[in-house]
Amino acid sequence: MLSLVDHPMMQHIDTKIDQHEHSLSKLQVERIKISKELMSSTYNVARLICQNLNIVEHDRSVALLCGYEYLSNIQIVEQWLLEQLVELNQSYFTCPVSELQNRFLMRLNSLQQDAFLY
């Protein structure tokens, strides 16, 4: 006895569904891979920037300057780095850490000047 799933049109649709599920699975794996790259890249570079600029990672002074009361300094550096990656549409940094460090320092100097004016 035949059922609806035996109909060629239904089998064709089922085949398409299987193909799309396979494509979706591959996309999900790629998404996880990129997420890990972003997290690793921002954390490692943030640690270097904190170390090079003598920023205490678990303190909150830099985060407070940036307007984030509940983040640590390293978290705010990571956030800033993530913003840079989003702007560049990249999953890792192609420029030297020193360049990122200088840009972050300019950002901090600008925030300090703004805070001084008010």
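Colleague: What separates E37 and K33 in helix 1?

Modeller: About one helical turn, because E37 and K33 are four residues apart in helix 1. Helices (H or I, at least four residues) are DSSP runs, numbered from the N terminus. Please keep in mind that this is a predicted model, where local features need pLDDT of at least 70, side-chain atom pairs count only at pLDDT 80 or more, and totals for chains, interfaces and linings use all residues. Residues are numbered from 1 along each chain as its sequence is written, and side-chain values use heavy atoms, with hydrogens and water left out.

Colleague: Why is the pair E37 and K33 called a salt bridge?

Modeller: A salt bridge needs a side-chain nitrogen of Lys or Arg within 4 Å of a carboxyl oxygen of Asp or Glu. For E37 and K33, the closest N and O atoms are 4.0 Å apart, so the pair is given that name. Side chains of opposite charge can pair when their charged atoms come close.

Colleague: How many salt bridges does the structure hold?

Modeller: Three. One of them joins R103 and E99, with the closest N and O atoms 3.1 Å apart. R103 and E99 are about one helical turn from each other, because they are four residues apart in helix 4. Another joins the side chains of R47 and E57, at 3.4 Å from N to O. That pair links distant parts of the chain: R47 is in helix 1, while E57 is in the loop between helix 1 and helix 2, 10 residues apart.

Colleague: How do you know whether E57 is buried or exposed?

Modeller: Buried means under 20% relative accessible area, exposed means over 50%, and partly exposed is in between (1.4 Å probe, protein chains only). E57 has a relative accessible area of 18%, so it is buried.

Colleague: Why does Q101 count as buried?

Modeller: Because its relative accessibility is 14%. Q101 lies in helix 4. Leaving aside its neighbours within four places in sequence, Q101 is in contact (heavy atoms within 4.5 Å) with I49, N52 and L53.

Colleague: What makes a group of residues a nonpolar core?

Modeller: The name is for a set of buried Ala, Val, Leu, Ile, Met, Phe, Trp, Tyr and Cys residues joined through side-chain atoms within 4.5 Å. The largest one here has 18 residues, and those with the most contacts inside it are I49, V77, L81, L100 and F104. Helix 1 (8-52), helix 2 (61-65), helix 3 (73-88) and helix 4 (97-117) each supply at least two of its residues. Helix 3 gives the most, with six. Leaving aside neighbours within four places in sequence, V77 touches A46, I49, C50 and F104.

Colleague: How do you know how far to trust the model?

Modeller: Look at pLDDT, the predictor's confidence in each residue, from 0 to 100. The protein chain averages 91, and 97% of the residues score at least 70. Confidence is lowest in helix 4, at a mean of 88, and highest in helix 1, at 94. Where pLDDT is low, the predicted coordinates should not be read in detail.
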